[in-house]
Amino acid sequence: MIKKGLSLVLILVLAVALTACNGSKQSSSDGKTTIEFMHSSVEQERLAVINKLVAQFEKEHKDIKIKQVPVEEDSYNTKIVTLANSGKLPAVLEVGQDYAKVMDKDELIDKSAVSKIIDKVGKDNYYEGALKLMKTEDGKSFTGAPISGWVQGIWYNKEMLASKGLKEPKSWDDILAIAKVFTDKGNKKYGIALPTVEGGFSEQAFSQFALSNNANILNSKGKLNIDTPEMKEALTYYQNLAKYTMPGSNDTTEVKDAFMNGTVPMALYSTYILPSVFEEGKASNIGFAIPKQKSKAVFGTVSALTISSGLEDNQKKAAQEFVEFLSKPENMTAWVLMSPGGAQPVNKKVTENPDYQANKVVKAFGNLSNEIAASYNDIQVFGLVDGKNFLKMGDVTSSGAIPKLVNGITVGGKDVKSELKTAEKSLEDVLKK
Amino acid sequence: MKTKLKQKSDAKLALALLFPSFALLLLLVAYPMISNIQISFFDQPINPRLSAKFVGLKNFIDILTDAEFFKSLGITLLYTVLTVAGSTIFGLAVAIFFNRPFKFRKTARSIIILSYVTPSISLIFAWKYMFNNGYGVINYLGGDVLHLFKEAPLWFDNPVSSFLLVVLFAIWRYFPYAFISFLAILQTIDNTLYEAAEIDGASAWEKFKIVTLPAIMPVLLTVITLRAIWMFYMFTDVYLLTNKVDILGIYLYKTAFAFNDLGKASSISVILFIILFIVIMLSRKRVNLNGNG
């Protein structure tokens, strides 16, 4: 009796253990192929849009079922690592260009499947700048099909500038001159809201100044090339400009708040400032400028849909069909309009779409919307040299060496030369691995 | 003979009944632990289809020769000692103060535990706003109202002030745990002991030393041990408040997820486990947690 009971318990426990270990690898019970779709739209309104798109797709493809895995942005990359490591990576993932590189390095992306989708959608329909961010190191393939994006530049308050008889800043010198005029530390007024936090935001902001001075982190052979006169010049300039910004580590909240409450006439921020500007009814009072020295440099990122590697054939096919479906102009438009103004179209067909043009936020900014879309052509990012998108830039960004450098010379008041040497040393260590 | 047989079958039954929980324990505790130790000897790619490379003790050697690790370890030890001592002493003091009847005692007690039961993230945002360089209330009070400083200090940008603030935050956040534990045990102490001590002419300090301290000793040791373990592994509070205080939790996170070096991260957790294991064993040897001897 006891023996019987014991074996029964043993079987039960084993069964539980086995089910736990088996996990939720997308299975095909009831004849349907189920695939998982991981994205970062956790807010209710955004989920509603995606639910609608998924329902539409499932209606058109009766044999495919999409299981959504919405994950908060903060824990998104961590979740990818843990899921990938346990072999449970969803078939379709929304991913930014930087993390796509990290995934590509570990062979987690089915690049041929992605490239086929891009060919089907039509390469020429994408903005060139958006597509080049997703290019692989050899330039032959893509790590994801772009679906939306945002760009970053200098936003300025037209009225404030006009009140002092100043015009739109066109060059480094103009920016510095305007910043000087408006700085009045005693009254807590500053010239520009500049990112100085030890975090990704500072790397992105600084990259615009460095790249507009033709200073990149890697050279065309992919070797570390940070200690250059151009880089020093850009760092010194950034350090000077930071004298006219709010004290301490400025992150997105500080920069946005300072611009919105009139503490500063200029701010370096992404297009995600536009929804707030629209809400305050100040759409006509904002202008967009791009840092320019030797060339123009806009920072931008692309959010793309990618397909994980190692899928079974039917799942791969289903994943491809789903991404193709989402990449249709009308569906991409719905995706971009989840945050109108903030998210920008990466495909010309979206910009031309009547729904997009009729959106009240997009309409309110009038010509500025077109100006921003066109700025995709001036996108430059660290690690993208002569059309080669070096994989190791993912490690450089992950190391946090650049934000540390920017924070050190601005908030920390440290010397540019010595901080640059420190950053170079730590990056050498990172890249040696 | 009969009894022996019966004993044997009892043992079997006991084993059978224990088996499910034992198996679960193995599955949920032992398996991840062994897997963690195993990964620490490999250069583990994120992609499980790529083969992991056996690197022997390289991960351990890398960590033990990394100055950053020892710096983090030092900061973590200091952080642990200060926060454990601070929250325990403060919790005990408040508990002694509250261990007497007064008006609105229940309301006051509930207010005291507020910082412990509120989610970390809202407290952290509140602190960040309080110490914000531009519109923080601390800089407003210190600079504009009381004129204590002309230029507002960069609270979370300076390593020393950041460290002091995260310690202060932890003491404030976690003292209610000590408070609740101490208050419970203080209420079990017989008042006649204090009366007897008073008759013998004991001062307040002597009463604390001779009556209170021995009575609360078991709880005191448990509070200290548990709090020390929790603080030693702290991550969220410090990570969200500042990036100038690299405690071990943050060092581990940066290694595991920023560099995706799972092997190295596993070896750090093995090292941490060994350190903590030694500390606990030593403290258990020196003091009896049951307080009986």
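A salt bridge joins the side chains of B:K244 and A:E198, with 3.0 Å from N to O; the term stands for a side-chain nitrogen of Lys or Arg within 4 Å of a carboxyl oxygen of Asp or Glu. Keep in mind that this is a predicted model, in which local features need pLDDT of at least 70 and side-chain atom pairs count only at pLDDT 80 or more, while totals for chains, interfaces and linings use all residues. Residues are numbered from 1 along each chain as its sequence is written, chains are lettered from A and ligands numbered from 1 in the order in which they are written, and side-chain values use heavy atoms, with hydrogens and water left out.

**Where chain A meets chain B**

- Between chain A and chain B, the count is two salt bridges.
- There are also eleven residue pairs in polar contact between chain A and chain B, both residues at pLDDT 80 or more. (A polar contact is a pair of N or O atoms within 3.5 Å; within protein, one must be able to donate a hydrogen and the other to accept it, and residues adjacent in sequence count only if both atoms are side-chain atoms.)
- On the chain A side, at least two residues each come from helix 1 (2-22), helix 3 (76-85), helix 4, helix 11 (252-260) and helix 19 (393-399) of chain A. (Helices are DSSP runs of H or I with at least four residues, strands are runs of E with at least two, and both are numbered from the N terminus.)
- Helix 1 of chain A gives the largest share of that side, six residues.
- By class, the side of chain A that touches chain B has 14 nonpolar, eleven polar and eight charged residues. (Ala, Val, Leu, Ile, Met, Phe, Trp, Tyr, Cys and Pro count as nonpolar, Asp, Glu, Lys and Arg as charged, and the others, Gly among them, as polar.)
- In total, 33 residues of chain A are in contact with 31 residues of chain B, where contact means heavy atoms within 4.5 Å.
- About 2,800 Å² is buried between chain A and chain B, and carbon and sulfur atoms give 59% of this area. (Buried area is the accessible area, with a 1.4 Å probe, that two parts lose on being put together, summed over both.)

**The two domains of chain A**

- Chain A is assigned domain 1 (29-149 + 302-363) and domain 2 (151-300 + 375-432); such bounds come from an automatic or database domain assignment.
- Taken over C-alpha atoms, the centres of domain 1 and domain 2 of chain A are 29 Å apart.
- Domain 1 of chain A brings 28 residues to the contact, and domain 2 of chain A brings 20 residues.
- The two domains of chain A bury about 2,000 Å² between them.
- A:K101, A:K132 and A:E137 supply 30% of the area that domain 1 of chain A buries against domain 2 of chain A, more than any other three residues.
- One salt bridge is counted between domain 1 and domain 2 of chain A.

**Pairs elsewhere**

- Over all chains, the structure holds 20 salt bridges.
- One salt bridge joins the side chains of A:K328 and A:E60, at 4.0 Å from N to O.
- That pair links parts of chain A that are 268 residues apart, with A:K328 in the loop between helix 13 (313-326) and helix 14 (329-336) and A:E60 in helix 2 (residues 44-60).
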